[in-house]
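Let us work through this model by question and answer. Have the structure open as you read.

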Amino acid sequence: MNLSLQLNRVRSKPWLWSFLAALLVWLATLAFTRGEGAGALTSGALAFSAFFVIVGVGQMFVITTGPGNIDLSIPANIALSGAVGMKLMEGQDSLIAVGVAGVLAVGVLIGCANYALIRVLRIPPIIATLSASFLLQSMAIAYGRSVRIAPPELFYQFSTGRLLGIPYLALAVALLTVVAGYVLSRTLYGRWTLAVGQNMRAAELAGVRVERVRWATYVLSAVFASVCGVLLAGFSGGASLSMGDEYLLASIAVVVIGGTSVAGGFSNVPGLWGAALFLYLLVSMLNTFGASAGVRLILTGVIIIAVIAAVSGRKSQRSL
Amino acid sequence: MNAPQPMTLKPQPMLSGTQGAAVNRARWLRNALPAFSLIVLLGTIFIMQPRAMSYMGMNLMLNLAVPIALATIAQMLIITVNDLDLSLGSFISFVACVAATLLNDHPLLGSLALLGCIGVYALLGALIHIRQLPAIVVTLGMSFIWVGGAVLLLPAPGGSAPQWLQALVKIKTPLLPFAVVVCVLLAIAVHLFLMRSTWGVVLRGAGGNPLAIAKAGWSLLRIKVTLYAMAGSFGVLSGLFLVGLTTSADANMALRYTLLSIAGVILGGGEFTGGRVSPIGAVLGALTLVLAGSLLSFIRISPDWQIGAQGAILILVLALRTAVNRLEVRPA
């Protein structure tokens, strides 16, 4: 009796699955290399997953506010923010604060612009963020046209540095996810976000300031994407136009595999880490096995579809 | 407003005379908006560069419009049932790669592969319907699979489109360029099927009020499979046309089409919910997006802003539509 109760409790935590999958893939890779390079693999996985998680947190808040809410402007935002950050810092340590402040301002502005389009034009968020992303992409091209500027030394060291093998970035993002989890489950804004996602009309009638919640959510998502952009530029030694491209799909994939409901109203913060680690480790496992780029992509796709099919199947069983 | 389109043809008894007229005017304005924006755009181009107003000029400007128009129609069919296809661009790239490799070397095998692609789309429709999955996530996964397949076929840009395909897209038609003729025929054919035929009404009804359609005895599964398979077919056509124009293929060549096709549908008056779509509008929307790029080069703005101009036009048209909708809500 007690055992089955515990088993049920475990099963009701969907984020465990993504961690389990990540662990399995990690073990499989190490079994193949006979334990060689375990440290490097883990530390690399943590560093790259940190980027997925940053944008994932923002996208998760957006997706939580209900069906149809999705931020498509993330890749363009990353490209623009990376360029703005590197240009403001001019490669000097003393200007890091200016650069970071500028990037945060860019994020807030983009979030406000996204929300303004949704609100004023009364168009679905997908279309609003899509048209915004067209504009942002052009801005990034026009603004970032000049030569590639290297990040300041200190900034570079922060984004690539490690503490006992754990990247600083992973530590910072881990803290961020704890805060995000707290915000979501313990603060008024978080509870309101969940309420809006579960039933917007009911939330409105219950006195939730729906529009304010949506505004905050889009700003939050844009700010996270901007932060990811500048960190990514620091990490890879300079901003490039295409560095955000994979983050559109990755941000949605991390949220969904992590157990957040696509229909909105139910989020899952720890799952983001599990899913991000899983996605990165999967790719590096296939790399170690010597699979070509094509096979890697196909398997990633198959796994995303399999996970979503399995997850929503579980839900329908529960509701019966 | 969930009623199928033909209902609106009847006069609505609850509205008084003047109100009804205002509503009709708003509806007329909204339907005319895609055509209006295209005409304004074309007019500006012709004023800036009168030489564009020739057979040759139109041909150059609209060369790449056909694959985008076909992709937009494919996306529109998916949007009809309130879904969204985020894999369309990678699917079209994959088709182009198949055409430039398999179809060229082994025509039979290549044709089978393309038919198989349509089959995959039909299965996708079935999977999404039976398991009630979010189409955005499933097609997101599919986009990885298509790109992966394309990379396997063509690790580096190259290949060569079949000769007959290259000849087909270069047909010279009298009076109007081939691209314009194809776009017009495409718009009319899909319009007649989707907006005027019984089947079309049922298909759109599945987006507007699935319960009513199911109660009326239609199989929602069959409707979804049909729409997805049709979308797949138009995607295949788009890829074939594209590779005929470019003569060689690349695994990433059409990735932009995913977002462009969504923008085209919306620009053409389509909506994400309720099965409200317009084939003629979608083709006009695709043409508008293509011409937006040309306009910039005529007014000598850096091509950096080409994508931005597409975004700006999208926002502008949507703003106009919101204004028209307000007119409808508050009849004068």
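**Core, interface and helix packing**

Tutor: Start with Ala96(B), which touches Gly239(B), Leu242(B), Val243(B), Ala249(B), Met253(B) and Ala254(B), leaving out residues up to four places away in sequence. Contact means C-beta atoms, placed from the backbone, within 7 Å. This is a predicted model: local features need pLDDT of at least 70, side-chain atom pairs count only at pLDDT 80 or more, and totals for chains, interfaces and linings use all residues. Residues are numbered from 1 along each chain as its sequence is written, while chains are lettered from A and ligands numbered from 1 in the order in which they are written.

Student: Which residues touch the most other members of the largest nonpolar core?

Tutor: A nonpolar core joins buried Ala, Val, Leu, Ile, Met, Phe, Trp, Tyr and Cys residues through C-beta atoms within 7 Å. Buried means 20 or more other C-beta atoms within 10 Å, exposed 12 or fewer, partly exposed in between. The largest core has 212 residues, and the most other members are touched by Ala69(B), Val95(B) and Ala96(B).

Student: Which helix gives the most to this core?

Tutor: Helices are DSSP runs (H or I, at least four residues), numbered from the N terminus. With 15 residues, the top contributor is helix 3 (residues 38–64) of chain A.

Student: Which helix gives the largest share of the side of chain B that touches chain A?

Tutor: The contact takes 35 residues from chain B and 40 residues from chain A. Helices 7 (135–153), 13 (257–267) and 15 (306–329) of chain B each give two or more residues to chain B's side. The largest share, 13 residues, comes from helix 7 of chain B.

Student: Is Ser284(A) buried or exposed, or in between?

Tutor: Ser284(A) sits in helix 13 (residues 269–288) of chain A. Beyond four places in sequence, Ser284(A) contacts Thr29(A) and Leu41(A). Because Ser284(A) has 18 C-beta neighbours inside 10 Å, the class is partly exposed.

Definitions and conventions:
Contact = placed C-beta atoms within 7 Å.
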